[in-house]
Amino acid sequence: MTISGSGGVALRGVHASVAALDALALEDAALACDAHAGTDVDVLQRRYELRLTRLEVVKRLEAQLAVVKARDAVECVGFQHAMLVPDAPVHERTFAEMSAVEEIAGVLTISSGAAGAFVDQSRRVCALPPVMDALAAGDLSWQHARIVADETEGLTPVGAAALVAHFFDPDAPKPARGAAPGELVPSRFRVKVRTWRERHHPETLQKRHAKGVADRRMEYTPDRDGMARITLCLPGDTASAIWNRTTATARGLQGPDEPRTLTQLRPDIAASLLLGTGLLPGPENTATADTATFSGSGPGTDSSSPTAGTTGIAQVPTPRADVLVMVPVFSLLSVTDEPAELDGHGPIPASMARKLVADGADSFYRVLVDPRDGAPVEIGRTRYRLTETIKQWIRMRDGKCTFPGCNNRTPDNDTDHLTAWKHGGTTGTSNLAQLCPKHHRLKHARPWIPDAATHNGPPGWTSPTGRHYKPEHHDHEPTHWPPGMLSAFAATACVDALPEDLPPWEPDDDTLIDPDDLSPEDPVWADFFAKPFVLPV
């Protein structure tokens, strides 16, 4: 009984990987014995590079072994079913599978529940041949494969096949851009897969969101060392607003006299706001923080210094916390219900985005997208200065710190010159990218070299040892058109078909300016962004 040919490929790959490890071990042993003494070889640098190469081979080997393990688990259960007579009753088949799962649990020394979950995951992964082939080649990890299996659950067979093709078939109509699945850390890969799934799920995001809202909850989990965890499951816009408010308040508290990190300040601020104490407990007075109170002036104003060890919430000068919402224009006008994109969260229902725009929340800027390709084309009207416009545009393009594997979201990041100004770097978008403070410092301390960015993609990076890491790209898609609109445009334009490169609302007139031909520094942009965007009645 065979699931697919990937099992044999994986076993051959295992042998090749083990042979590669043997060769690396021999070279390392020679270096350790000073076999290269008197040569120009930098022994420590070479042994460092060998360790990195060995880690790469081990990663590939683990993926290949995962194929063997998953395939064998599925076939164990399959053989148990095959040994039954064709018309065996349901309970016999149930016990046969249960017995196989318990044996797998014993062999792997895991609980029966974990073994059952592993068999289920293995079945779903083995049912996706392109994913199994990538695993067998060592191109992605088992964790990546599980993500695909998780996100295809609930999709139709056609939808699941389309999702897999988008990420694993380079010949698909619109394949994923940027780094390959196995080149992304699993959490970032899940974001990309989930974003695609949200846009192509057979049930609208609005309906699924309504079900999720009904399941909102707060959970309390005791932890070790006298600690505990509070988890809130909330609508995305509410959770983002909470996160950004606590982050902005924490930034306002930071200074030479504040020893706490941003990570420590966030929970202190959240606890103070929830408990209504009006103060932020410091390390030396957490035991009495629940009984003390503070009265102070409003946010952003100066007042007298609080008692040592505490800071009043009302006394904290809170920096502005901007959250960007990218809304397809037809969705904004309620003509379609295409999901919007909430910076730092992902797809949100169109109704939620329209509410954010209508409410005019101070912490949100409105961002419109080009209906032809889904790329951002305008930042909200309150941004008049060109420099601020570029910063917000870079923020929408990158979405997070662009350093390989970093998950730091935009509120904590700097807009950095990839090539320094003193070395001839410009202030154009191709020379700007988001970097978190940690990786901003690393870039200047060690030779991590960024590529040039593009108008619709962040930069890739080259490490000190010459390894190149491709950038993570957003998979923008053309916006959803209202039914019949394109055919109406074609009729109005008196054409039989719509040319792919010239939408009917964009006249072929040489006297008009193509925005792609303008430099980001051109003063015409300042005039353009100064004009308010007015929704039609």
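Contact means that heavy atoms lie within 4.5 Å of each other. The views below show a predicted model, in which local features need pLDDT of at least 70 and side-chain atom pairs count only at pLDDT 80 or more, whereas totals for chains, interfaces and linings use all residues. Residues are numbered from 1 along each chain as its sequence is written, and side-chain values use heavy atoms, with hydrogens and water left out.

**View 1. The protein chain contains 17 helices and 14 strands.** Helices (H or I, at least four residues) and strands (E, at least two) are DSSP runs, numbered from the N terminus. Of the 537 residues, 38% are buried; buried means under 20% relative accessible area, exposed over 50%, and partly exposed in between (1.4 Å probe, protein chains only). Among contacts with a separation of 6 or more, 56% join residues 24 or more positions apart.

**View 2. Helix H5 spans residues 129–136.** Its buried residues are Val131, Met132, Ala134, Leu135 and Ala136. Which helices do the buried residues of H5 pack against? They pack against helix H1 (6–32), helix H2 (43–82), helix H4 (112–126), helix H6 (142–152) and helix H7 (157–168). Just after H5, Gly138 adopts a positive phi of about 75 degrees.

**View 3. The largest nonpolar core has 40 residues.** A nonpolar core is a set of buried Ala, Val, Leu, Ile, Met, Phe, Trp, Tyr and Cys residues joined through side-chain atoms within 4.5 Å. The residues with the most contacts inside this core are Val125, Val131, Leu135, Trp142, Val148, Phe168 and Phe189. At least two core residues come from each of H2, helix H3 (90–108), H4, H5, H6, H7 and helix H8 (186–200). H2 gives the most, with 8 residues. Another core lies apart from this one and has 10 residues, including Val327, Leu332, Leu342 and Val357.

**View 4. Phe168 is in contact with residues elsewhere in the sequence.** When its neighbours within four places in sequence are left aside, Phe168 touches Pro130, Val131, Ala134, Leu140, Val148, Pro181 and Phe189.

**View 5. The whole structure holds 0 disulfides.** A disulfide is a pair of cysteine sulfur atoms within 2.5 Å. Cys401 counts as buried because its relative accessibility is 0%, whereas Cys33 counts as exposed because its relative accessibility is 62%.
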